[in-house]
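Okay, thanks for coming, everyone. Let me put today's structure on the screen, and then we'll walk through it together.

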Amino acid sequence: MGDVRSGLDMSGTVTIDVDVCKGCELCIGACPPRVLTMSEPVNRLGYRYPELASGCTGCAACQLICPDFVFEVFRSPRDPSNKSGAEGARASSRSDSGAWPERPGPQGQERK
Ligand code: SF4
Ligand code: SF4
């Protein structure tokens with residue numbers, strides 16, 4: 001009991017940069033499994049901020065809706081062959097929904 005699971009085959013977590021939160025609460029309603037709640041204490045700006053309970057799926061809805069870029073999302077597919085389970089992929093902040101961008105390679109160099 002108490003282990004909240006979603007229907008998604010994914011586990012995740014988020015980091016919350018509490019001191020830049022403006023307390024708008026958009027993230028609270030956006031979180032499908034409802035694992036975000038507003039704190040009682042306030043941050044250095046004087047706003048309450050979200051706190052994470054267990055059951056995050058890594059869906060990134062909070063990251064997408066937050067106007068102040070408070071969240072960073074980490075997620076890990078429930079892959080039976082991945083026994084560690086600890087090496088989650090970080091959901092890229094603004095570029096897409098999870099794939100890491102390619103680093104520019106040396107091919108683009110021009111010689112004159
Ligand atoms: S990533 Fe999804 S499940 Fe996790 S806290 Fe954000 S909105 Fe909720
Ligand atoms: S959406 Fe962002 S700014 Fe608004 S309460 Fe949530 S974390 Fe704070």
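So, to start: how many helices and how many strands does the protein chain have? There are 2 helices and 5 strands. And keep in mind that what you're looking at is a predicted model. If you trace the sequence along, the order comes out as β-α-β-β-α-β-β. The protein chain runs to 112 residues, and 20% of them are buried. As for contacts between residues at least 6 apart in sequence, 60% link residues at least 24 apart.

Now, the ligands. Around ligand 1 you'll find 17 residues, with Cys31, Cys56, Cys59, Ala61 and Cys62 the closest. Strand E1, 10-16, and helix H2, 61-65, each put at least two residues into that shell. What classes are we talking about for the shell around ligand 1? It's 14 nonpolar, 3 polar and no charged residues.

Over to ligand 2. That one is surrounded by 13 residues, and the closest are Cys21, Cys24, Cys27, Cys66 and Val70. Here helix H1, 26-30, and strand E3, 48-52, are the elements giving two or more residues to the shell. This shell does have charged residues, 3 of them, along with 9 nonpolar and 1 polar.

Some of those cysteines turn up again in the largest nonpolar core, which has 15 residues. Among the members touching the most others there are Cys27, Cys31, Cys62 and Cys66, plus Val14, Leu36 and Phe71. Take Cys66: leaving out residues up to four places away in sequence, Cys66 touches Leu26, Cys27 and Phe71.

Okay, that's the tour.

Methods. Residues are numbered from 1 along each chain as its sequence is written. Chains are lettered from A and ligands numbered from 1 in the order in which they are written. This is a predicted model: local features need pLDDT of at least 70, side-chain atom pairs count only at pLDDT 80 or more; totals for chains, interfaces and linings use all residues. A residue is near a molecule or strand if its C-beta atom, placed from the backbone, lies within 6 Å of it. Helices (H or I, at least four residues) and strands (E, at least two) are DSSP runs, numbered from the N terminus. Ala, Val, Leu, Ile, Met, Phe, Trp, Tyr, Cys and Pro count as nonpolar, Asp, Glu, Lys and Arg as charged, and the others, Gly among them, as polar. A nonpolar core is a set of buried Ala, Val, Leu, Ile, Met, Phe, Trp, Tyr and Cys residues joined through C-beta atoms within 7 Å. A residue is buried if 20 or more other C-beta atoms lie within 10 Å of its own, exposed if 12 or fewer, and partly exposed in between; C-beta atoms are placed from the backbone. Two residues are in contact if their C-beta atoms, placed from the backbone, lie within 7 Å.
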